[in-house]
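These are my notebook entries on one structure, written down in the order in which I looked things up.

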Amino acid sequence: SDLTNGLPLLTSDFHKSIKIGRFNRCTINFKSLVNQREESKYQGAQREKTSLLSIRGGSQAVLSVLDNFGLATPTSLFNSLLLGLAVLTVAGKTAIAASNKKTIVQSDAKPASVSALQYKFLAVFWLMRLADWLQGPYFYEVYSSKILNGVPVSLDLVSKLFLVGFASTGIFGPWIGRLVDNVGRRAGTIAYAVLYSIGALSTRSNLLSVLLAGRVAGGLGTSLLFSAPEAWLVGEYQQLNVTSSGNWLGETFGWAYAGDSLVAILAGQLASITAAKQGPTGPFTLSVLFLTIGSLLTLLTWGENTAPQQKKEANNAENGAEGTEKSSNSIKAALEVMSKDKRILLLGAVQALFEGAMYIFVLQWPPAIKAAILSSPLFSSAAAAVPFGGIFSCFMACCLLGSTLFGVLAKWGVQVERSFASMLYVAALAISAATYFGSAHLSVLVAAFFVFEACVGMYFPSIGTLRSRYLPDAQRSVIMNLFGIPLNLIVVSVFLSINTLGVSGALTCASAALGIASLCMTLLANSAKKE
């Protein structure tokens with residue numbers, strides 16, 4: 001996220017906005033996601049647990065304690081958890097800042113050129129991400145509100161519109177990456193804003209052809225968002241020739257994704273306010289404003305950089321030919337580089353598997369949490385009030401904690417590969433616990449999900465740092481988009497099989513993917529240690 005998208009719009013039918021993949025947003029009706037047999041199991045568990053606690057007198061005692069602390073409803077409980085997470089995050093950030101002031105050495109002071117680069121990148125990155133997050137919460141509502149040929153748009157058509165955008169990302173991503181490396185990363189960032197604006201404005205139309213074109217534009221724009229800005233940052237940083245020992249690039253990624261969590265919360269609030277005044281197209285229209293500001297800032301503050309054009313010359317002494325030149329940033333060249341370097345292959349596997357698990361989680365946490373609250377005897381009187389917005393905010397706070405932890409470990413000099421591998425094992429255990437205990441244990445489920453979200457917060461700066469280390473600049477954008485192909489396959493496969501898999505089956509797939517990713521990252525860490 002890369003995760004959930006803004007604060008969800010809660011309707012009487014419990015529609016929930018979710019982000020699937022790095023690419024698109026989609027709102028899914030919970031009733032179509034949760035397998036009927038699992039619902040029956042949860043309802044049975046609810047009756048059994050309620051009866052047991054009532055016999056022991058435990059239910060009234062626990063409810064009395066919760067009521068005394070003002071936690072008798074799910075909303076108050078998650079608001080309290082959010083407050084606790086916010087306090088913990090602020091305390092951690094304050095302690096880190098105080099520690100940095102005491103331990104910094106003059107020789108390791110951040111160069112002014114690095115600070116200037118960070119300001120340029122973060123301002124644009126957060127504006128572009130804000131526009132991206134704004135479009136998430138109302139994806140379903142904006143399309144389901146359309147009337148095509150006198151017939152309301154169905155959930156099935158909304159899903160097909162989602163897949164159109166998703167497919168355009170997967171199919172054209174590698175070619176877009178090559179174009180970005182050749183033409184320029186700044187141009188690619190501006191092109192993202194243009195394409196995303198086209199996609200946003202298309203939602204105001206009632207023509208299916210326009211809506212489809214908008215989804216294609218949005219899918220292409222998403223490929224640019226997740227490749228062009230990062231490639232620009234790494235390219236600019238390498239041109240600075242920084243001699244300081246500080247891990248400034250890793251620090252920049254840490255700040256970028258820590259701020260992204262706050263941007264997501266802000267976007268959700270703005271989307272809700274705008275939709276209340278202008279309808280479901282309001283947040284999409286508002287996103288165009290931030291895309292425009294981001295584009296102007298990119299034009300004014302960013303210089304252009306492209307991938308280095310490595311050339312191969314072969315002199316033919318017999319006929320005096322001057323030789324031929326071959327650009328090394330083609331898709332074929334990128335595939336050759338990947339095949340010859342197992343570290344890149346391992347890193348690509350880790351990215352595809354973790355992000356695949358992450359987006360499966362994005363799809364499944366709403367029905368899982370809903371079922372857990374419904375089956376809990378503690379909230380039987382408030383079962384209908386599932387605070388999805390408050391839960392999402394707690395997730396974002398956990399992400400912020402994870403990115404903070406990444407910064408702490410980086411300051412301590414912990415090898416990124418090692419900390420990354422450890423995080424993946426923790427993430428696998430967390431989702432495994434959620435799968436094993438299921439929605440019958442609300443406290444275990446919430447704790448597992450919080451831990452996983454903290455891992456997500458640590459993941460993004462970690463993967464950004466390792467991509468800057470292992471991916472050659474000549475093929476950076478191409479390879480990053482090639483990593484998305486197996487990710488697409490994982491997400492689409494689960495998405496199309498969701499009614500068969502159910503909540504537990506989907507989480508089992510996520511757990512397995514995380515387990516494999518952990519092994520791949522361990523191999524990469526061992527390889528880095530030997531070198």
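This is a predicted model: local features need pLDDT of at least 70, side-chain atom pairs count only at pLDDT 80 or more; totals for chains, interfaces and linings use all residues.

**Entry 1, a loop residue.** I looked up N149 and noted it as exposed, because its relative accessible area is 82% (exposed means over 50% relative accessible area, buried under 20% and partly exposed in between, with a 1.4 Å probe and protein chains only). N149 sits in the loop between β3 (147-148) and β4 (151-152), where strands (E, at least two residues) and helices (H or I, at least four) are DSSP runs numbered from the N terminus. I also wrote down that N149 is not a glycine and yet has a positive phi of about 55°.

Residues are numbered from 1 along each chain as its sequence is written, and side-chain values use heavy atoms, with hydrogens and water left out.

I then checked the confidence, pLDDT being the predictor's confidence in each residue on a scale from 0 to 100. The protein chain has a mean pLDDT of 77, and 76% of its residues reach 70 or more. Residues 1-70 have a pLDDT below 50, and I noted that this stretch has 187 contacts in the model beyond near neighbours in sequence, a contact meaning heavy atoms within 4.5 Å. The pLDDT is also below 50 over residues 311-326, a stretch with 14 contacts in the model beyond near neighbours in sequence.

Two packed helices are described by the angle between their axes and the distance between the axes. The axes I used are lines fitted to C-alpha atoms, for helices over the stretch in contact, and the angles run from 0 to 180 degrees between N-to-C directions.

At what angle do helix α5 (residues 112-134) and helix α11 (residues 248-278) cross? Their axes cross at roughly 30° and come within 8 Å. That makes α5 roughly parallel to α11 (angles under 35 degrees count as roughly parallel, over 145 as roughly antiparallel, 65 to 115 as roughly perpendicular and the rest as oblique). The crossing in which α5 passes α11 is right-handed; a crossing is right-handed if the near helix is turned clockwise from the far one by less than a right angle, and left-handed if anticlockwise. By class, I recorded 17 nonpolar, 3 polar and 3 charged residues in the contact of α5 with α11 (Ala, Val, Leu, Ile, Met, Phe, Trp, Tyr, Cys and Pro count as nonpolar, Asp, Glu, Lys and Arg as charged, and the others, Gly among them, as polar).

Helix α16 (residues 416-437) packs with helix α17 (residues 442-470) at an angle of about 150°, with the axes 8 Å apart. That makes α16 roughly antiparallel to α17. Their crossing is left-handed, and the contact of α16 with α17 has 21 nonpolar, 3 polar and 2 charged residues.

Helix α8 (residues 185-202) and α10 have axes that come within 8 Å and cross at roughly 155°; α8 and α10 are therefore roughly antiparallel to each other. The crossing of α8 and α10 is left-handed. On the α8 side I listed R185, R186, G188 and T189, which meet A228, P229, A231, W232 and G235 in α10. By class, this contact of α8 with α10 has 4 nonpolar, 3 polar and 2 charged residues.

Q238 is partly exposed, with a relative accessible area of 36%. Leaving aside neighbours within four places in sequence, Q238 is in contact with S468, D473 and R476. The C-alpha atoms of Q238 and S468 are separated by 9.7 Å, although the two are 230 residues apart along the chain.

Not counting residues up to four places away in sequence, V288 touches S197, A200 and L201.
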